[in-house]
There are 2 protein chains.
Amino acid sequence: MTREHDADRSVSQTVKALLSLRDLILSGALRPGERISELSMVERTGVSRTPVRMALVRLEEEGLIEAIPSGGFAVKAFTEADIFDAIEVRGAMEGLVARAAAERGVSRSALAAIRDCLAEIDELIEPHDLTLDHFSDYVRLNARFHALLHELSGSPVMIRQAERAGALPFASPSGFVIAQSSLPQARTILVVAQDQHRCVVEAIESREGERADAIMREHARLARRNLQLALENQSTLDLVAGSSLIRRGRR
Amino acid sequence: MTREHDADRSVSQTVKALLSLRDLILSGALRPGERISELSMVERTGVSRTPVRMALVRLEEEGLIEAIPSGGFAVKAFTEADIFDAIEVRGAMEGLVARAAAERGVSRSALAAIRDCLAEIDELIEPHDLTLDHFSDYVRLNARFHALLHELSGSPVMIRQAERAGALPFASPSGFVIAQSSLPQARTILVVAQDQHRCVVEAIESREGERADAIMREHARLARRNLQLALENQSTLDLVAGSSLIRRGRR
DNA sequence: GGTATTCTTCTTGTATACAAGACCATTGAG
DNA sequence: CTCAATGGTCTTGTATACAAGAAGAATACC
């Protein structure tokens with residue numbers, strides 16, 4: 001493989017292109033609805049057209065971009081309704097995952113792992129004067145918690161589908177993380193969410209499938225309400241992950 | 001674009017490759033676990049490596065094949081547990097879709113369309129001496145019913161996710177279609193399923209979200225039971241759509 | 001002056017060339 | 001006879017060349 005101007009030579013060109021493009025879209029460098037020219041992506045990513053094209057196909061499957069009838073791709077534009085629906089989908093999937101974990105039982109080691117994660121989150125949100133750094137750490141830990149939850153199901157099919165349900169960045173738990181500067185009650189939100197995290201783990205441990213399911217659905221409803229709040233506070237919108245994709249107002 | 005030995009010149013090479021490969025996998029021409037050589041696919045499909053590669057990437061996202069660490073792709077092998085899980089995922093997604101349709105309300109035209117579909121199925125399964133042809137027609141109509149149901153939700157995000165949930169061929173409604181030669185009660189199964197179809201439409205019409213959700217979950221449980229039956233009857237296995245992908249017995 | 005048309009340019013879809021790594025077999029040594 | 005090393009072949013990942021189509025601009029015609 002030809003490697004000339006290659007910063008990180010351990011990763012394939014396709015992966016590099018995929019990461020670059022995803023970042024360009026999520027960061028808002030490419031506006032929703034904007035057509036993605038392959039050549040310009042070649043310039044921006046430093047890889048050739050072939051891997052760029054691969055990445056585009058993957059991103060289309062992922063749902064971040066869509067094929068244009070006349071050829072090529074454009075950044076998908078999501079409405080607020082789309083975001084809320086994505087959260088609901090995620091809620092349904094995570095409810096199913098939690099139920100499966102509860103009904104089928106989980107290994108001691110998997111349970112220990114997710115309990116560790118719970119403890120880490122507890123520790124993180126314990127102080128009352130949270131900074132923006134705390135929040136970005138929380139996003140990471142929260143994502144880990146949800147990934148571990150998916151794995152508790154023990155079903156590759158469910159894990160895959162649950163992860164796909166979170167493909168829309170808004171559906172991800174980070175969707176409801178709002179900077180405390182705008183919303184002083186942000187920590188409270190995190191505390192409530194963490195409560196639900198704890199409850200679902202307990203429900204799984206005591207084999208209460210129905211309850212585990214209900215908790216995760218409620219968890220999604222919480223995320224929905226919080227995102228709604230953020231969207232109403234125009235000023236905080238930019239702090240919501242992936243907000244660059246939301247086409248608001250008209251249309 | 002270079003078009004020499006092109007039978008159907010209206011369709012792009014990539015689509016042709018995608019359809020060919022999917023068919024090769026689902027028909028069992030490529031065994032589960034088997035490595036897919038790009039060159040051999042070039043021979044079999046008559047298109048060049050580039051579109052073949054595109055199709056491979058798409059099929060990987062779709063979940064029918066998986067990347068090999070050392071490079072290339074292999075046909076994914078599914079266990080029976082995978083299939084059952086896929087059906088459960090589909091049940092959860094269709095429950096959500098039905099609930100959304102009920103809670104949000106549907107247009108008169110959409111309702112008319114799905115009622116038409118219901119009527120067509122009624123007509124098809126009315127005679128008591130169903131042949132194999134009836135069954136394959138049923139598979140088509142049934143798929144249409146489920147697609148129409150998804151659309152009733154009115155949510156592009158949910159539609160997309162629901163369709164993706166059926167990516168595994170076993171999760172599809174056709175999964176429980178069993179030839180009447182082996183299972184004389186096959187028609188009964190279809191009648192029961194159709195009853196559920198009718199009930200969910202009624203529930204949606206009368207805005208009973210909870211009930212619509214429950215019906216679709218039960219519908220999935222029915223599919224699960226029927227597939228179980230088919231799997232127990234070794235002889236009928238070959239008649240289950242996509243059965244070539246199921247790795248049974250050992251492992 | 002406005003509209004239709006043609007020409008140019010750009011962009012994508014496809015094919016192919018090339019190089020790096022993987023797999024396999026053969027061969028040589030212990 | 002067994003095991004390891006080495007060579008060759010095959011396969012994939014990447015880059016690039018080429019042709020068909022689309023978008024846009026300039027021009028000619030009404």
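User: How are residues and chains labelled, and which pLDDT limits apply?
Analyst: Residues are numbered from 1 along each chain as its sequence is written, while chains are lettered from A and ligands numbered from 1 in the order in which they are written. The model is predicted: local features need pLDDT of at least 70, side-chain atom pairs count only at pLDDT 80 or more, and totals for chains, interfaces and linings use all residues.

User: What makes up chain A, in helices and strands?
Analyst: Helices are DSSP runs of H or I with at least four residues, strands are runs of E with at least two, and both are numbered from the N terminus. Chain A has 9 helices and 3 strands. From the N terminus, the order is α-β-α-α-β-β-α-α-α-α-α-α.

User: What makes a residue of chain A count as buried, and what percentage does so?
Analyst: A buried residue has 20 or more other C-beta atoms within 10 Å of its own; an exposed one has 12 or fewer; partly exposed lies in between, with C-beta atoms placed from the backbone. Of the 251 residues of chain A, 40% count as buried.

User: How do you know that the length of α1(A) agrees with what a helix should span?
Analyst: The expected span is 1.5 Å times one less than the number of residues. Helix α1(A), residues 13-26, has 14 residues and should span 20 Å. Its end C-alpha atoms are 20 Å apart, so the two agree.

User: Why are the buried residues of α1(A) said to be on the same side?
Analyst: The buried residues are Q13(A), A17(A), L18(A), L21(A) and I25(A). They cover an arc of only 135° around the axis, which puts them on the same side of α1(A). The arc is that of the directions from the helix axis to the C-beta atoms. An α-helix has 3.6 residues a turn, so residues three or four places apart point the same way. The cover over the buried residues of α1(A) includes α2 (38-45), α3 and β3 (73-75) of chain A.

User: What follows α1(A)?
Analyst: G28(A) does, with a positive phi near 90°.

User: What about α5(A): which residues are buried, and which are exposed on the face turned away?
Analyst: The buried residues of α5(A) are I114(A), C117(A) and I121(A). Their arc is only 50°, so they are on the same side of α5(A). The face turned away from that buried side carries the exposed R108(A), S109(A), A112(A), D116(A), A119(A) and E123(A). Length fits as well: the 18 residues of α5(A), 108-125, should span 26 Å, and the end C-alpha atoms are 26 Å apart, which agrees.

User: Why are β1 and β2 of chain A said to stand at the edges?
Analyst: Two strands pair if DSSP finds at least two bridges between them. The 3 strands form an open sheet in the order β1-β3-β2 (chain A), with antiparallel pairing. β1 (35-36) and β2 (65-67) of chain A each have a single partner strand, so one side of each is left without a neighbour in the sheet.

User: What makes β2(A) and β3(A) a pair?
Analyst: They are joined by 3 bridges, in the antiparallel sense, and the cut-off is at least two. I65(A) has V75(A) in β3(A) as its bridge partner. In chain B, 3 bridges likewise join β2(B) to β3(B), and E66(B) stands opposite A74(B).

User: Why is R207(A) called partly exposed?
Analyst: R207(A) has 14 other C-beta atoms within 10 Å, so it is partly exposed. R207(A) lies in the loop between α8 (186-205) and α9 (209-232) of chain A. Its phi is positive, about 60°, although R207(A) is not a glycine.

User: Which residues of the two chains count as in contact, and how many are there?
Analyst: Contact means C-beta atoms, placed from the backbone, within 7 Å. By that rule 21 residues of chain A are in contact with 21 residues of chain B. The largest share of chain A's side, 8 residues, comes from α4(A).

User: How do you know that the copies are related as by a two-fold rotation axis?
Analyst: Superposition is by least squares on C-alpha atoms of residues with pLDDT of at least 70 in both copies. Chain A can be laid on chain B with an RMSD of 0.0 Å, by a turn of 180° and a shift of 0.0 Å along the axis. The two copies are thus related as by a two-fold rotation axis. The same surface serves both: 100% of the contact residues of chain A recur in chain B.
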